[in-house]
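Visitor: I would like to go through this structure with you. Could we begin with one of its helices?

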Amino acid sequence: MREIIKLSASFKLDGEISEIFNLYKKIVNELLNHASTKNISSFKRLKKEKYYELRKKHFELPSHYIYTACQMACSIYKSFRKLKRRGKAKGDKPVFKRDVVMLDDHLFSLNLDDWIVSISTPNGRVKLKLLHGKYHERFKDWRVGQAWLIKKDDNMFLNVVFRKEVEIGMPIDVIGVDVNENNVTIAKSNGFERRVTREKNIRITYFLKRRRIQSKIKTGKKRKTLLSKYGRRETKRILDIYHKVANFVAEEALKTSSAIALENLKNIRKKIKYSRKMNGRLHRWSFRKLQFIIEYKARLNGVPIIYVNARGTSRTCPICGTKLSPNGQYRTMKCKRCGLIADRDIIGAWNIRLRGLKQIDVRSPVPRESPSMNLEGGRFAVAKVIKCPKSNSKPERVG
Ligand SMILES: [Zn+2]
């Protein structure tokens, strides 16, 4: 099975092309105006009605800029209309204010051997050096799609979408991945592993930091700068951890030719127990973000992803399907029927794996007896597993 994957990469540019941004903004806004007045959300129609007129008016501009401006205007108008329907849009029509220019393959070309981009402008082609990191080297053999030229403060960036076709392997096993506030636990056919993330501690630390700033500095630019500085730092620290965890999960899957099973977290709130004040957007964002990074690394390596129903994964006995009850100790659960005692994150990962196995119908050994533990941090002893009297009964949803 082959699949096309798309990844985007951001390059900082050495030098600038500033003359194009204002003109482009003007064109997109003219198109948005037209689209809102006539309620046009089809790219074809917008292009048909405005393309030649705008080309004539801006004859000095390479024509593909008008083309991409139509594409941008169209997608901006569509999302505006969607927001409007939900009552969340401001104003009667969208206004494009950002310094962003969309480029298609006629407007730029990349040379990743010399790290140079050549961009069409009203004054001919301009070549700029791409400042790159080691991360960018992987894209050398990828195909190039669209790109966006972005001006932020006094810097210029080029965001490029790369495409590659990868072979997705047929899995012979499944690993279950349970994403939690402070750790990621995975279940494999031969046991469990855990990576401690301490995300909750990091979030609380930054939350308190932000609150101190908010109470000390009531208004002004300094408050804003400080808040966004710590916000960025928090995001960076957490993303860094996510990438490490995701690499680990993808490697485990590759080693064992497994698919990765993740919980379908549409109803995500169940897992989050912060104070009401802290229970902000970020935390909902968080689990999905980590899953997204895992999915991305997996696809990059040709590992299939399965989403399973998240309901009751940490409350159902993976051996006999009975509803588990708390065992008194921190985060441990007990099965009254078969005697299983285990950490709830282990139970979660275990059930996710079982559900994943069901979905891809792989017959591989499912841990039914004392699973071996290999937990980073090693802070708890787990799982005295007593053999289940009805060991071949399927786990079923309880409660
Ligand atoms: Zn049980």
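Guide: Helix 7 covers residues 344-360, 17 residues in total, and spans 24 Å from first to last C-alpha, close to the expected 24 Å. Helices are DSSP runs of H or I of at least four residues and strands are runs of E of at least two, numbered from the N terminus. The expected span is 1.5 Å times one less than the number of residues.

Visitor: Is helix 7 mostly covered or uncovered?

Guide: Mostly covered, with 13 of its 17 residues buried, that is, under 20% relative accessible area with a 1.4 Å probe, protein chains only.

Visitor: What kind of model is this?

Guide: This is a predicted model, in which local features need pLDDT of at least 70, side-chain atom pairs count only at pLDDT 80 or more, and totals for chains, interfaces and linings use all residues. Residues are numbered from 1 along each chain as its sequence is written, and side-chain values use heavy atoms, leaving out hydrogens and water.

Visitor: What does the chain average in pLDDT?

Guide: The average is 83, and 85% of the residues score at least 70; pLDDT is the predictor's confidence in each residue, from 0 to 100.

Visitor: Which elements have the lowest and highest mean?

Guide: Strand 16 (residues 373-375) has the lowest, 38, and strand 2 (residues 100-103) the highest, 96.

Visitor: Now the sheet: what is the strand order?

Guide: The open sheet of seven strands runs 2-6-7-1-5-4-3, with antiparallel pairing; strands pair if DSSP finds at least two bridges between them.

Visitor: Why is one side of strand 2 left without a neighbour?

Guide: Strands 2 and 3 stand at the edges, each with a single partner, so one side of each has no neighbour in the sheet.

Notes:
Buried < 20%, exposed > 50% of the residue type's maximum accessible area, 1.4 Å probe, protein only.
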